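Please consult the sequence and the structure shown below.

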Amino acid sequence: PGSKATMQVWHKGASRDVTVVIAELAEEKPAKQASAAGKPEANANRLGLVLSELTAEQKRELKLAAGLVVDEVRGAAARSDLRVGDVILAVVNRAGTQEVKTVAQFNKLLTQYEAGSNVTLLVRRADFQTFVTIRGINGH
């Protein structure tokens, strides 16, 4: 940690070198989940995810305008690197990046994918963002 390295990045069709400072990865803290007391059992979507929208407190704490918290991981999603507490920011596909703001909007985006397709998500975990691909979504 503290040393510098040169990294090549590809952005908007061009390659360029950037200098980065190596840092130690802070301990991961998942987003605080709203109390589930009194909530009925939630149904998973086509990916096998149970999601909830960020509360006003979570948005303020995470400095995000929108996103969906992963409450439970089942099905195809259980074989991915997605974790409870991750925040899904967007769905990424050939057409571009579509920000997600509500569970209904996210589930509607999933209807565009055929059974067995792969879905790539932009995910916030702790203080960094990463891409997670879920392979082989369900057909319902």
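Is arginine 125 buried or exposed? Arginine 125 is buried, its relative accessible area being 6%; here buried means under 20% relative accessible area, exposed over 50%, and partly exposed in between (1.4 Å probe, protein chains only). The model is predicted, so local features need pLDDT of at least 70 and side-chain atom pairs count only at pLDDT 80 or more, whereas totals for chains, interfaces and linings use all residues. Residues are numbered from 1 along each chain as its sequence is written, and side-chain values use heavy atoms, with hydrogens and water left out.

**Salt bridges**

- A salt bridge is defined as a side-chain nitrogen of Lys or Arg within 4 Å of a carboxyl oxygen of Asp or Glu, and by this rule the count is five.
- Asp81, Arg83, Asp86 and Arg125 are joined in a network of salt bridges.
- Within this group, arginine 125 meets aspartate 81 in a salt bridge with an N to O distance of 3.2 Å. This pair links distant parts of the chain, 44 residues apart: arginine 125 belongs to strand 7 (residues 119-125), and aspartate 81 to the loop between strand 4 (68-73) and strand 5 (87-93).
- Helices (H or I, at least four residues) and strands (E, at least two) are DSSP runs, numbered from the N terminus.
- Aspartate 81 is partly exposed, at a relative accessible area of 42%.
- Arginine 125 also forms a salt bridge with aspartate 86, at 2.6 Å from N to O. Because arginine 125 lies in strand 7 and aspartate 86 in the loop between strand 4 and strand 5, the pair ties together parts that are 39 residues apart in sequence.
- Both arginine 125 and aspartate 86 are buried.
- A further salt bridge connects arginine 74 with glutamate 72, whose closest N and O atoms are 2.7 Å apart.
- Arginine 74 is partly exposed at 25% relative accessibility, and glutamate 72 is likewise partly exposed, with a relative accessible area of 31%.

- Strand 7 is largely enclosed by the rest of the structure, because six of its seven residues are buried.
- Two strands are said to pair if DSSP finds at least two bridges between them.
- Strand 5 pairs with strand 7 in the antiparallel sense over five bridges; valine 92 has threonine 120 of strand 7 as its bridge partner.
- Strand 7 also pairs with strand 8 (residues 128-134), again in the antiparallel sense, over seven bridges. Here leucine 121 has valine 132 of strand 8 as its bridge partner.

- With 18% relative accessibility, alanine 126 counts as buried.
- Lysine 63, also a residue other than glycine, has a positive phi near 55 degrees.
- The location of lysine 63 is the loop between helix 1 (56-62) and strand 4.
- Lysine 63 is exposed, its relative accessible area being 75%.
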